Amino acid sequence: MPGSALLNPPPARPDITRSVCRGASRHLRERGCAIVKEMTFANGRRGDIVALWPNGELWVVEVKSGVLDYRVDGKWPDYRDYCDGFLFAVAPEFPQEILPDDVGLIVADGYGGALLREPPRHPLAPARRKMLTIAVARLAAARLAQIEDPEAAGL
């Protein structure tokens, strides 16, 4: 029925991105990770989700809203210098076969997610791990401070 698309339009890409990010974040928290979203690294790249595991391991998760979003994004290999494991997070309808085999994979919706493929590990150098762990903590603390006191200077 042609008019039904107007009454029930498909989700827009930002809605899909938000949904996948929420579900992947929930999944990682359930597994014991502390997470921050939208973290910028020294190379100027911004990770969608950075997960800090209790053992100190860091994962970067790149959220892809669809095939076009994946195909036009050639920057994802740049994240590997800033994590022990790199993953994509995609919606259930995403064609997983187009993703490379040498990255982890989370499939998620707005309610949760599932780790379908562990990321291959490439351990960070101790100095970089320390720098990134401190950066995660400072970013999380700054965001919490802004929520608690939005008018404070320096945030």
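## Contacts of T133

Leaving aside residues up to four places away in sequence, T133 touches L52 and L58, where contact means heavy atoms within 4.5 Å. T133 is part of helix α4 (residues 126–148); helices (H or I, at least four residues) and strands (E, at least two) are DSSP runs, numbered from the N terminus. A polar atom of the T133 side chain lies 2.8 Å from the backbone oxygen of R129.

T133 is partly exposed, at a relative accessible area of 27%. Buried means under 20% relative accessible area, exposed over 50%, and partly exposed in between (1.4 Å probe, protein chains only).

## Basis of the values

This is a predicted model, in which local features need pLDDT of at least 70 and side-chain atom pairs count only at pLDDT 80 or more, while totals for chains, interfaces and linings use all residues. Residues are numbered from 1 along each chain as its sequence is written, and side-chain values use heavy atoms, with hydrogens and water left out.

## Strand β4

Six of the six residues of strand β4 (residues 85–90) are buried, so the strand is largely enclosed by the rest of the structure. G85, L87 and A89 cover one side, and F86, F88 and V90 the other. In a regular strand the side chains alternate between the two faces of the sheet.

## Pairing of β4

Strand β3 (residues 58–64) runs parallel to β4 and is joined to it by six bridges; two strands pair if DSSP finds at least two bridges between them. Within β4, F86 is the bridge partner of V60.

Strand β5 (residues 104–109) also pairs with β4 in the parallel sense, over four bridges. Here L105 of β5 is the bridge partner of F88.

Notes. Polar contact = N/O pair within 3.5 Å; in protein donor to acceptor, adjacent residues only side chain to side chain.
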